[in-house]
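Visitor: I would like to go through this model and ask what each label rests on. Please set the values against the criteria as we go.

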Amino acid sequence: MSFFDLIHPEVALDALPTIFKGLLLTLSVCLVCGVLSLSLGMFVALGRMSKSRILRISLGAYVQFFRSTPLILQLIYIYFALPFAGIHIPPLPAGIMGLTLHYTAYLCEVYRGAIEAVPKGQRDAARALGMRNRVVMARVIMPQAVRTIIPALCNYMVQLLKDTSLLSVVTVQEMMFRGQIFAAETYDYFTVYSIVFLIYFAVGFPGIKLVDYLEKRMKKGYASRSVIKAVNINETTTQGGK
Amino acid sequence: MIEIKNLYKSFGGDEVLKDICLTVQKGQVLGIIGPSGSGKSTLLRCINNLELPTKGTIHINEKLAYQDELGKVFSETEISITRSKVGMVFQHFNLFPHMTVLQNVYAGPKFVLGQDEEEYRSEALAILGSVGLAEKRDQYPEQLSGGQQQRVGIARALAMKPDVILFDEVTSALDPELVGEVLGVLKKLAEAGMTMLIVTHEMGFVRQVADRVIFMDEGRIVEENSPAEFFDNPQHERTRSFLSSVLSHTD
């Protein structure tokens, strides 16, 4: 029996509309949580490096807690446990909240790690010129930190895309949830889950390739960009001369 | 120009600077020598407020810099203004790797002084020319030799038109054959009347260029003298033993 004998095209065709609806929600949730955690992560990172002790300690506690416990438990807790404390949150907001809290904690560490990895001498040199702290950050530290930050962020975004499937446990009707329902209705688990697999792969794989590309590119020296620029300038000048 | 009174600096329980008193006149070149760990670099870093002294005062251009007598720290704006007049060149160059050579040189005028592009570009080009690197202007620091990088470091400090420049072991990280080109630039600056504080292990250079020499050991200034007196007739036993050990293996 081959793989293709196990796939039933008619079931697959029936499944596609509902699975695509799920995919749409999967992508939307990913986008919303992505934007939220990318920006909140930056604020939390700055807070964790601030002078205020209270801010540093409380944000540190938040980050460590969300990094050391399972995402699925965090989601279940928000949706199933909090109602006992009188806090009722509908499935989609609960899912978005859980994912955002979780990913903000991770992204914060990406930012913080990259900023702190810029050699101390860079700060010294910038300050010695008389740059104020904000200018040091904007003109010297961040332009160097982004080389570490960008590939790592893309990596986390792919992971976020996959982790939206966990929202199925809090009854958010994203792609995984729709697949589960359809599989249970038709009893054709093989066909349905194969399709779900393929679609996650089709979306996730380009993301992973992008991460690889960015990592390679960012590892190159700063000068490799200037070579391209110099070639372009030469071309335009020689053409102009003709 | 610079007046330091009773300066102390501790890191944790470690007292790195002890009761430093030092005056540097405008146009003077001060050589600072001593064994590693004697506090030379910390002293320079205090003058630029990269380290905050534990006690004592620093006057720059007759004004209290960074802190008042009671140790209250001035505002970020005031500190930045003072720093912008005190240039610094580092052992490991600390050039900004994401900027071209020219961008490094005009980083200060552009981001601190807020000059017009025309102004900061033409001045930076002139300064880059004066350290002999005009043709490298569009390269990145990683494409230059150590000696060239350090000359860019000097040009970057010069672009702010500082009143004084602090040199923190600026040739220590260089291949021996590249030391000369950097010392040459320093010598030219000294001849042009720049006020300079030079922490270095290049004894011959100090002797030739400095107006005055201080010798530091264990956080204190042990001896202060003219270069000729200092090298030919050192007063303190500690200075003598340091000089004999350093000079015997460089000669």
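Visitor: Which residue stands opposite D168(B) in β8(B)?

Guide: This is a predicted model. In it, V199(B) of β8(B) stands opposite D168(B).

Visitor: What makes β7(B) and β8(B) a pair of strands?

Guide: Two strands pair if DSSP finds at least two bridges between them. Strand β7 (residues 164–168) and strand β8 (residues 195–199) of chain B have five bridges, in the parallel sense, so they count as a pair.

Visitor: Which sheet holds them, and what makes a strand in that sheet an edge strand?

Guide: They belong to an open sheet of six strands in chain B, in the order β6-β7-β8-β3-β9-β10 and with mixed pairing. Its edge strands are β6(B) and β10(B), the latter at residues 220–225, as each pairs on one side only. Neighbouring strands here are turned by 20° against each other on average, direction ignored.

Visitor: Which helix lies across β7(B) and β8(B), and at what angle to β8(B)?

Guide: Helix α6 (residues 176–191) of chain B lies across β3 (29–33), β7 and β8 of that chain. The angle to β8(B) is about 145°. Angles run from 0 to 180 degrees between N-to-C directions.

Visitor: What is the order of the open sheet of four strands in chain B?

Guide: The order is β2-β1-β4-β5, with antiparallel pairing. The edge strands are β2 (14–24) and β5 (63–64) of chain B, each pairing on one side only.

Visitor: How do you know that β1(B) is paired with β2(B) and with β4(B)?

Guide: The requirement is at least two bridges. Seven bridges join β1 (residues 2–11) of chain B to β2(B), and five join β1(B) to β4(B), so both pairs qualify. Both run antiparallel. Among the facing residues, I4(B) has L22(B) as its bridge partner in β2(B), F11(B) stands opposite D14(B) in β2(B), and Y8(B) stands opposite K55(B) in β4(B).

Visitor: What lies between β1(B) and β2(B)?

Guide: The two strands form a hairpin with two residues between them. One turn residue, G12(B), has a positive phi of about 60°.

Visitor: What makes the link between R112(A) and E116(A) a salt bridge?

Guide: The rule asks for a side-chain nitrogen of Lys or Arg within 4 Å of a carboxyl oxygen of Asp or Glu. The side chains of R112(A) and E116(A) meet at 4.0 Å, N to O, so the pair is called a salt bridge. Both residues lie in helix α5 (residues 91–117) of chain A, four residues apart, about one turn of the helix. Over all chains the count comes to 15 salt bridges.

Visitor: Why is the pair E76(B) and R132(A) given the name salt bridge?

Guide: The N to O distance is 3.9 Å, and the limit is 4 Å, so the name applies. The rule finds two salt bridges across the interface of chain B and chain A.

Visitor: Which elements of chain B supply at least two residues to the side that touches chain A?

Guide: They are α2 (76–84), β6 (86–89) and α3 (101–113) of chain B. The most comes from α2(B), with five residues. By type, the residues on this side of chain B divide into 13 nonpolar, eight polar and five charged.

Visitor: How many residues are in contact across that interface, and how much area is buried?

Guide: 26 residues of chain B are in contact with 24 residues of chain A. The two chains bury about 2200 Å² between them, 59% of it on carbon and sulfur atoms. Seven residue pairs are in polar contact between the chains.

Conventions: Residues are numbered from 1 along each chain as its sequence is written. Chains are lettered from A and ligands numbered from 1 in the order in which they are written. This is a predicted model: local features need pLDDT of at least 70, side-chain atom pairs count only at pLDDT 80 or more; totals for chains, interfaces and linings use all residues. Side-chain values use heavy atoms; hydrogens and water are left out. Contact means heavy atoms within 4.5 Å. Buried area is the accessible area (1.4 Å probe) that two parts lose on being put together, summed over both. A polar contact is a pair of N or O atoms within 3.5 Å; within protein, one must be able to donate a hydrogen and the other to accept it, and residues adjacent in sequence count only if both atoms are side-chain atoms. Ala, Val, Leu, Ile, Met, Phe, Trp, Tyr, Cys and Pro count as nonpolar, Asp, Glu, Lys and Arg as charged, and the others, Gly among them, as polar.
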